Amino acid sequence: TGAITIDPGYKNTGSCKSEITFLDGEEGILRYRGYSIEELAEKADFLEVSFLLIFGELPTKNELEKFENDIRKYTLVNEEMKNIIDGFPKTAHPMGVLAALTSALTAFNPKSVNPHNEKEMYDAVCKTMAKFLVIATWTYRKSMGYPLNNYDNTKGYVENFMRLMFELPTEPYKFDKKVIAALDKLFILHADHEQNCSTSTVRIVGSSHAGLFASISAGVSALWGPLHGGANQAVLEMLEEIHNNGGDVAKYVLKAKDKDDSFRLMGFGHRVYKNFDPRATIIKKAADDVLSALGVDDPLLDIAKQLEKVALEDEYFKSRNLYPNVDFYSGIIYRAMGIPVGMFTVLFAIGRLPGWIAQWKEMRLNKEPIGRPRQVYTGHTLRPFKEVKDR
Ligand code: CMC
């Protein structure tokens, strides 16, 4: 088999060819299927972008309407799923519950989709988009002890997210167009990012021909970690800590530089972007716009801006090309919308779902072989077994 090259973290290893997302880390370019992220974030909506990622082209008006209606066909989640949720303590982290519930969907949909059958694949896409959104909001309802809401088929996908989260039996949810538009944009910005940790996980799990729900559940778990999607929660907690300790950002920059301290500036740095993260640029502006539109004055936004300024002027961050990433400002917007910090990574997961589906589908249609990296063995050479009495 020849010599094996080890590449920890796969920093220089390409795992596949893909037509979905183009990313140029030097230039700060991100495109879905050839369309720039800036243009999509401004002009498209989340379901349109989901369709584009998964099926390769922007939908026509009819295709888009059909897609939205076909998703609605699957929004009723099996009642028995509620028993599963009831088994979790209220204090369970929503991401853990979401991974478990996504996996549990396999029990109610035991037949694995055949990706080569277009109709079957289309139905599976709609079903996944539908059920995932509903169960994602249920993780929050559970943590609050609220009754679980069902999807309202007269409302849009992103509207439903807010309604499912916040509508109480005694109090209809009041939609705010600005909030829905901002959330829609945030979902678009998170929708795909080529072979990141969770997407690679989805592809590798799916490469054993495990089903779509099982693969996505694995993606949720990968996303949860603070070095990946979990960073959005970690950023907010970091900003709160800085605020509660008197707002001394320079102290935290020093801490992040200290190699004996495991603290890192959360929301800073990226494996691929070495100049700037185009998503962060859009989100920073959106944070200003949304907070002023909602009349929210959040001291954490000022702390974030100061922290960014101090870090960007610092030689440590400059020489390592560390810039704010997508997670740096997103939490401040979520907070202004009234979304609790424990749900931030769940929002990332909802946004990333179409990307995971698109990549899973592409991987299967390209008939990729099972993902099975090699290793270099560094353990013992052959040694004789010792009976337990002799050890
Ligand atoms: N704070 C302080 N130092 C950092 C940071 C940071 N946030 N990020 C990287 N560095 C340093 C790191 O210590 C290393 O220094 P040295 O060369 O002296 O050893 C150098 O920069 C290169 O970092 P790395 O860890 O080798 O880079 P990586 O590509 O393996 O890791 C990363 C990328 C995103 C995991 C990392 O930058 C990080 O931990 N950032 C904080 C967590 C975060 O914000 N994650 C969200 C990523 S973007 C969206 C997503 O994927 O969810």
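Modeller: Rings of Phe, Tyr and Trp (its six-membered ring) pair if their centres lie within 6.5 Å, and planes under 30 degrees apart count as stacked, over 60 as edge-to-face and the rest as tilted. This is a predicted model, in which local features need pLDDT of at least 70 and side-chain atom pairs count only at pLDDT 80 or more, whereas totals for chains, interfaces and linings use all residues. Residues are numbered from 1 along each chain as its sequence is written, and side-chain values use heavy atoms, with hydrogens and water left out.

Biologist: How many aromatic pairs does the structure hold, and which residues do ring pairs link into a cluster?

Modeller: A pair of aromatic rings is described by the distance of the centres and the angle of the planes. The structure holds 18 such pairs, one of them being the tilted pair of phenylalanine 46 and phenylalanine 187, with 5.2 Å between centres and 45 degrees between planes. Because phenylalanine 46 lies in helix H2 and phenylalanine 187 in helix H8 (helices being DSSP runs of H or I, at least four residues), this pair ties together parts 141 residues apart in sequence. The cluster linked by ring pairs comprises Tyr140, Tyr146, Phe166, Tyr173 and Phe175.

Biologist: Are phenylalanine 46 and phenylalanine 187 buried or exposed?

Modeller: Both phenylalanine 46 and phenylalanine 187 are buried, a class for under 20% relative accessible area, with exposed over 50% and partly exposed in between (1.4 Å probe, protein chains only). Tyrosine 334, at 0% relative accessibility, is also buried, and so is phenylalanine 344, again at 0%, whereas isoleucine 204 is partly exposed at 39%.

Technical notes:
Helices (H or I, at least four residues) and strands (E, at least two) are DSSP runs, numbered from the N terminus.
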